Amino acid sequence: ADKLANAGASPVMQLAIALSAAEEYINFATDNGFEPKDVLKNLIFNFAVSSEYFLEIAKISSFRYLFSKFVSAYGNIDVKPFIHTTTSRRNKTIY
């Protein structure tokens, strides 16, 4: 999702696409004999954060909540998302 943020995606779009990509990984892996739990515990979500402090806190907090709901669709799996953040390039100028 960091590449999406750097391309101008809104926080809502970043969350939706991150969860959509996670579902695609799970579908591909389960089609090839893996369990959803094995895939979920190895996913790494990379988000770009901008200078809008409270918006970025809300984005990460919302993602944790949505991820817990997302995981519950695959049964009683206790897994927390691994979230990595980087500084967004959209707040940089030549000055």
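Leaving aside neighbours within four places in sequence, with which residues is valine 79 in contact? The views below come from a predicted model.

View 1. Beyond its neighbours within four places in sequence, valine 79 is in contact with Leu40, Lys41, Phe67 and Val71. Valine 79 has a relative accessibility of 15% and therefore counts as buried, the cut-off being under 20%. The C-alpha atom of valine 79 is separated by 25 Å from that of leucine 4, which is 75 residues apart from it along the chain.

**View 2. Salt bridge between glutamate 56 and lysine 59.** The side chains of these two residues meet at 2.9 Å, N to O. A search of the whole structure finds 1 salt bridge. Both glutamate 56 and lysine 59 belong to helix α4 (residues 53-72), where they are 3 residues apart, about one turn of the helix. An α-helix has 3.6 residues a turn, so residues three or four places apart point the same way. Glutamate 56 is buried, with a relative accessible area of 9%, and lysine 59 also counts as buried, at 2% relative accessibility.

**View 3. The two sides of helix α2 (residues 11-31).** This helix of 21 residues reaches 30 Å from its first C-alpha to its last, close to the 30 Å expected at 1.5 Å a residue. Gln14, Leu15, Ala18, Leu19, Ala22, Ile26 and Ala29 are buried in α2. These residues cover an arc of only 125° around the axis, and so lie on the same side of α2. Val12, Phe28 and Asp31 are exposed on the other side.

**View 4. Glycine 33, following α2.** The phi of glycine 33 is positive, near 95°.

Terms used: Residues are numbered from 1 along each chain as its sequence is written. This is a predicted model: local features need pLDDT of at least 70, side-chain atom pairs count only at pLDDT 80 or more; totals for chains, interfaces and linings use all residues. Side-chain values use heavy atoms; hydrogens and water are left out. A salt bridge is a side-chain nitrogen of Lys or Arg within 4 Å of a carboxyl oxygen of Asp or Glu. Helices (H or I, at least four residues) and strands (E, at least two) are DSSP runs, numbered from the N terminus. Buried means under 20% relative accessible area, exposed over 50%, partly exposed in between (1.4 Å probe, protein chains only). Contact means heavy atoms within 4.5 Å. The expected span of a helix is 1.5 Å times one less than its number of residues. The arc is that of the directions from the helix axis to the C-beta atoms.
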